[in-house]
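Colleague: Could you walk me through this model? I am new to this, so please take it slowly.

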Amino acid sequence: MAGLTALQAVRSIGTKFDGTGTGANILITAASGGIGTYAVQLAKLGNHHVTATCGTRNLELVRSLGADEVLDYTTPEGAALKNQRGKKYDYIINITYDGKWSMFKPALSSHGRVVDVASCCENYVASVMTLFARKKIATMVMTMKKEELSFLVELMKGGKLKTVIDSRHPLDKAADAWEKSMSGHATGKVIVEM
Ligand SMILES: NC(=O)c1ccc[n+]([C@@H]2O[C@H](COP(=O)([O-])OP(=O)(O)OC[C@H]3O[C@@H](n4cnc5c(N)ncnc54)[C@H](OP(=O)(O)O)[C@@H]3O)[C@@H](O)[C@H]2O)c1
């Protein structure tokens, strides 16, 4: 699910994986999470310039996934979503629970768009209000697609995409896994082993 959500978000901004894409300046929030760790890798495979946000402890990890610039969301500069080049984003893929349209709008280029994976009430309203605006936000819901799952598996087999694993838990400790997964502070995926 995390991989498919990331793939569909990255594809929704017109990403090509055959080397023909020109690439855009994009921001990915919560890049250290289950979806974000895949989204950063997929966006780089699509030739985008990627700025990514995460907490202090995961800055190196997110850099190692290929992000061109990593912002620490716990600092004022990171919270302001400003990259070092001072360049506005063509696209923002929002994966944080608390990412709001009012935060993203100033960071977008004149025709920029937010793809909202983790929607909140404000963002739903904004998606309607911005339907005919130059800067837009659109919410996204993942759908199961076998061919996209196969595409991800092929990337993994080819060593081009990896799964970041937060922790592994035996089945009788599935409650611990669930708690970690729901904490909003996992790094990558939480695994239950059977
Ligand atoms: N649209 C869809 O179809 C779809 C599908 C699946 C999931 N979702 C939604 O997508 C969201 C993300 O899911 P997920 O499983 O990827 O999340 P997750 O794994 O729980 O994300 C946790 C990570 O996000 C980081 N983080 C938390 N707040 C942040 C912030 N403000 N800025 C930057 N990083 C932050 C945390 O870092 P720290 O620990 O350092 O704070 C942690 O590493 C959820 O709301 C989920 O419901 C949507």
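Modeller: Let us begin with a term we will need: a residue is called buried when its relative accessible area is under 20%. Please also keep in mind that this is a predicted model.

Colleague: Okay, so is Leu81 buried or exposed?

Modeller: Leu81 has a relative accessibility of 6%, and because that is under 20%, Leu81 counts as buried.

Colleague: And where is the place of Leu81?

Modeller: Leu81 belongs to the loop between helix H4 (76-79) and strand E4 (89-94).

Colleague: What about the phi of Ala30?

Modeller: Ala30 is not a glycine either, and its phi is positive, at about 50°. You will find Ala30 in the loop between strand E1 (25-28) and H2.

Colleague: Changing topic, where does Asn94 lie, and what does its side chain contact?

Modeller: Asn94 lies in strand E4, and its side chain makes a polar contact of 2.8 Å with the side chain of Thr29. There is also a polar contact of 2.8 Å between the side chains of Asn94 and Thr96.

Colleague: Is Asn94 buried or exposed, then?

Modeller: Asn94 is buried, because its relative accessible area is 0%, and the limit for that word is under 20%.

Colleague: Now the ligand: how many residues surround it, and which are the closest?

Modeller: The ligand is surrounded by 24 residues, of which the closest are Arg57, Tyr73, Met140, Met142 and Ala186. Sorted by class, this shell has twelve nonpolar, ten polar and two charged residues.

Colleague: Which helix and which strand each supply at least two residues of that shell?

Modeller: Helix H2 (34-45) and strand E2 (49-54) each contribute at least two residues to the shell around the ligand.

Colleague: What lies at 2.4 Å from an oxygen atom of the ligand?

Modeller: That is an N or O atom in the side chain of Tyr73.

Colleague: How much of the ligand does the protein bury?

Modeller: The ligand taken alone exposes 950 Å², and the protein buries 81% of that area.

Colleague: Last one: which pocket is the space taken by the ligand?

Modeller: The ligand takes up the space of the largest pocket.

Technical notes:
Residues are numbered from 1 along each chain as its sequence is written. This is a predicted model: local features need pLDDT of at least 70, side-chain atom pairs count only at pLDDT 80 or more; totals for chains, interfaces and linings use all residues. Side-chain values use heavy atoms; hydrogens and water are left out. A residue is near a molecule or strand if one of its heavy atoms lies within 4 Å of it. A polar contact is a pair of N or O atoms within 3.5 Å; within protein, one must be able to donate a hydrogen and the other to accept it, and residues adjacent in sequence count only if both atoms are side-chain atoms. Accessible areas come from the Shrake-Rupley method with a 1.4 Å probe; for residues, only the protein chains shown count as cover. On a 1 Å grid over the protein atoms alone, a cavity is a set of points where a 1.4 Å probe fits but cannot get out, and a pocket is an open set with protein on both sides within 12 Å along at least five of seven lines; lining residues have an atom within 4 Å of a point. A molecule sits in a cavity or pocket if more than half of its atoms lie within 2 Å of its grid points. Helices (H or I, at least four residues) and strands (E, at least two) are DSSP runs, numbered from the N terminus. Ala, Val, Leu, Ile, Met, Phe, Trp, Tyr, Cys and Pro count as nonpolar, Asp, Glu, Lys and Arg as charged, and the others, Gly among them, as polar. Buried means under 20% relative accessible area, exposed over 50%, partly exposed in between (1.4 Å probe, protein chains only).
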